[in-house]
Amino acid sequence: MNELEQKIQMVNLARSFYERGYTVGGAGNLSVRLDDKRILVTPTGSSLGRLEAERLSVLDMQGNVLSGDKPSKESVFHLAMYHKNPACKAIVHLHSTYLTALSCLEGLDATNAMRAFTPYYVMRVGKLQVIPYYRPGSPEIARELSERALSGKAFLLANHGIVVTGSDLLDAADNTEELEETAKLYFILQGQKVRYLTDSEVKDLENRGK
């Protein structure tokens with residue numbers, strides 16, 4: 001896929017997120033590796049529902065703007081994850097309703113905020129680590145995500161939202177959608193007797209993904 005095709009794909013996926021209520025206003029940002037030396041990221045303050053391909057930000061791996069508008073202030077943590085994990089090819093960061101609600105709860109297991117109760121959650125992301133609260137744009141978010149970049153695909157930012165990675169932008173989007181649906185089910189099932197997957201069932205799913 002060439003650069004223009006990547007830009008068009010990003011615009012279309014971002015609009016889809018916006019139109020389905022996964023993001024509102026100017027919240028959220030997306031990025032994808034264009035090659036080993038450049039990433040494509042959504043501009044600062046931009047609505048995911050109203051992106052323009054020619055205005056998307058192209059950065060080098062040091063964060064310098066090569067073309068397009070000024071990038072999201074959170075591009076810093078995108079770059080930190082790309083530097084730490086070469087297998088990470090795309091990142092979706094949203095303030096989607098159910099995952100953001102989850103991020104506001106006290107007492108979450110920092111190693112995995114949601115115990116597995118569907119196979120799709122395991123197959124898509126495996127687990128959901130929790131990053132402590134820092135103000136949006138804080139360099140501490142980049143540090144925390146960089147430290148964990150090799151240990152998972154999805155990270156819940158406390159009182160903030162979700163960060164999900166993928167092998168490409170479509171994969172990152174699919175992972176995000178599955179995770180949001182799992183969070184929705186999590187709240188629907190509150191107060192019910194949930195049949196969680198056993199450790200052996202989770203291990204079986206993890207092994208099939210290798």
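All views show a predicted model.

**View 1. Helix α2 lies across strands of the sheet.** Helix α2 comprises residues 75-84 and runs at about 30° to β1. The strands that α2 lies across are β1, β2, β3, β5, β7 (154-157) and β8 (161-166).

**View 2. Eight strands form an open sheet.** From one side to the other, the strands follow the order β4-β3-β2-β1-β5-β8-β7-β6, and their pairing is mixed. At the edges are β4 (65-67) and β6 (129-131), each of which pairs on one side only. From one strand to the next, the twist averages 25°.

View 3. V58 has S67 of β4 as its bridge partner.

**View 4. The largest nonpolar core contains 42 residues.** The residues with the most contacts inside this core are L99, L102, M114, L128, L156, I162 and L179. Helix α6 (residues 169-188) gives the most to the core, contributing 6 residues.

**View 5. The surroundings of L128 are shown in close-up.** When neighbours within four places in sequence are left aside, the contacts of L128 include L99, L102, M114, L156, I162 and L179. Further contacts of L128 are T111, N112, A113, Y121, A154 and F155.

**View 6. S72 sits in the loop between β4 and α2.** S72 counts as buried because its relative accessible area is 8%, and the cut-off for buried is under 20%. Leaving aside neighbours within four places in sequence, S72 is in contact with N29, T42, P43 and T44.

**View 7. N159 has a positive phi in the loop between β7 and β8.** The phi of N159 is about 55°, although this residue is not a glycine. With a relative accessible area of 47%, N159 is classed as partly exposed, because this class lies between the cut-offs of 20% for buried and 50% for exposed.

Conventions:
Residues numbered from 1 in each chain as written. Predicted model: local features only at pLDDT ≥ 70, side-chain atom pairs only at ≥ 80, totals over all residues. Heavy atoms only, no water. Core = buried A, V, L, I, M, F, W, Y, C linked by side-chain atoms within 4.5 Å. Buried < 20%, exposed > 50% of the residue type's maximum accessible area, 1.4 Å probe, protein only. Helix = DSSP H or I, 4+ residues; strand = E, 2+ residues; numbered from the N terminus. Contact = heavy atoms within 4.5 Å. Pairing = 2+ DSSP bridges. Axes fitted to C-alpha atoms, helices over the stretch in contact; angles between N-to-C directions.
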